Amino acid sequence: MSFVKQANANTAATILAGLKKRNMEGWFCETCEEAVQKALELMPEGSVLSWGGSMSIQECGLMDAVKSRSYTLIDRAAATTPEEKRELYAKAVLADYYLMSTNAITTDGELVNIDGLGNRVACLCYGPSNIIIVAGMNKVVHSVQAGIDRIRTKAAPPNTVRLNLDTPCTKKGICQDCFSPDCICSQIVVTRRNKIPGRIKVLLVNEDLGF
């Protein structure tokens with residue numbers, strides 16, 4: 001194990017303790033394969049699943065894994081009209097499991113997320129029976145403010161490029177604190193505590209995932 005990997009493991013132990021005191025469950029996985037296996041263990045086949053727009057759960061292989069098993073999937077990409085998309089968003093609120101990443105996680109176990117439409121953070125806050133978060137150690141920050149700064153400098157600009165949006169950060173690569181119609185920084189949500197013990201489950205992965 002490299003020195004960086006070992007340091008990540010040490011940091012993860014601190015984060016897991018922070019999650020526990022905040023009524024969240026956490027696991028540290030050395031590889032994406034371990035994280036996918038753990039997520040599948042947590043979700044009985046036959047469960048209803050939905051997800052947010054996360055590169056992390058795609059990159060780690062979790063999306064491919066759930067699509068190859070006997071789950072009922074609520075996939076917003078299946079919508080062909082705005083009305084159908086709205087209906088699928090509504091159904092996702094009642095899912096057994098909602099899959100997502102977090103834009104940042106502090107060393108004390110706080111989750112920091114910034115969303116455009118708000119459907120992802122809405123489900124994080126309330127609705128689905130279980131939230132499973134897959135986050136690479138590249139998402140770790142020392143404070144909530146550092147998390148917000150990370151999102152605006154490291155996550156939002158590449159996401160707007162990926163989504164082909166017309167925002168200042170798409171063009172300049174740097175957050176301009178904009179109010180563009182395409183802005184994806186509308187809702188800032190900090191999860192400092194989970195009201196329902198164990199509802200939020202965090203899989204920390206000793207790899208870089210997502211933005």
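**Stop 1: helix α2**

Select the buried residues of α2: they pack against β1 (25–29), α4, β4, β7 and β10. Buried means under 20% relative accessible area, exposed over 50%, and partly exposed in between, with a 1.4 Å probe and protein chains only. Contact means heavy atoms within 4.5 Å. Helices (H or I, at least four residues) and strands (E, at least two) are DSSP runs, numbered from the N terminus.

This is a predicted model: local features need pLDDT of at least 70, side-chain atom pairs count only at pLDDT 80 or more, and totals for chains, interfaces and linings use all residues. Residues are numbered from 1 along each chain as its sequence is written, and side-chain values use heavy atoms, leaving out hydrogens and water.

Now pick Cys32, Ala35, Val36, Ala39, Leu40 and Leu42, the buried residues of α2. They lie on the same side of α2 because they cover an arc of only 160 degrees around the axis. That arc is taken over the directions from the helix axis to the C-beta atoms. Turn to the face away from the buried side: Glu33 and Glu41 are exposed there.

**Stop 2: the cores**

Which residues have the most contacts inside the largest nonpolar core? Select Met43, Leu62, Val66, Leu99, Ile132 and Val134; the core has 24 residues. A nonpolar core is a set of buried Ala, Val, Leu, Ile, Met, Phe, Trp, Tyr and Cys residues joined through side-chain atoms within 4.5 Å. The largest share, 6 residues, comes from α2.

Center on Met43. Leaving aside residues up to four places away in sequence, Met43 touches Leu49, Leu62, Val66, Tyr71, Tyr97, Leu99 and Ile132. A second, separate core has 18 residues, including Ala12, Leu19, Ala92 and Ile200.

**Stop 3: strand β7**

Select β7: 7 of its 7 residues are buried. Asn130, Ile132, Val134 and Gly136 take one side, and Ile131, Ile133 and Ala135 the other.

Show the neighboring strands. Two strands pair if DSSP finds at least two bridges between them. β4 and β7 pair in the parallel sense over 4 bridges; Tyr98 has Ile131 as its bridge partner. β7 and β10 also pair in the parallel sense, over 6 bridges. Val134 stands opposite Leu203 in β10.

**Stop 4: the cysteines**

How many disulfides does a search of the whole structure find? It finds 0, a disulfide being a pair of cysteine sulfur atoms within 2.5 Å. Select Cys183: its sulfur is 4.1 Å from the closest cysteine sulfur, in Cys178, too far for a bond.
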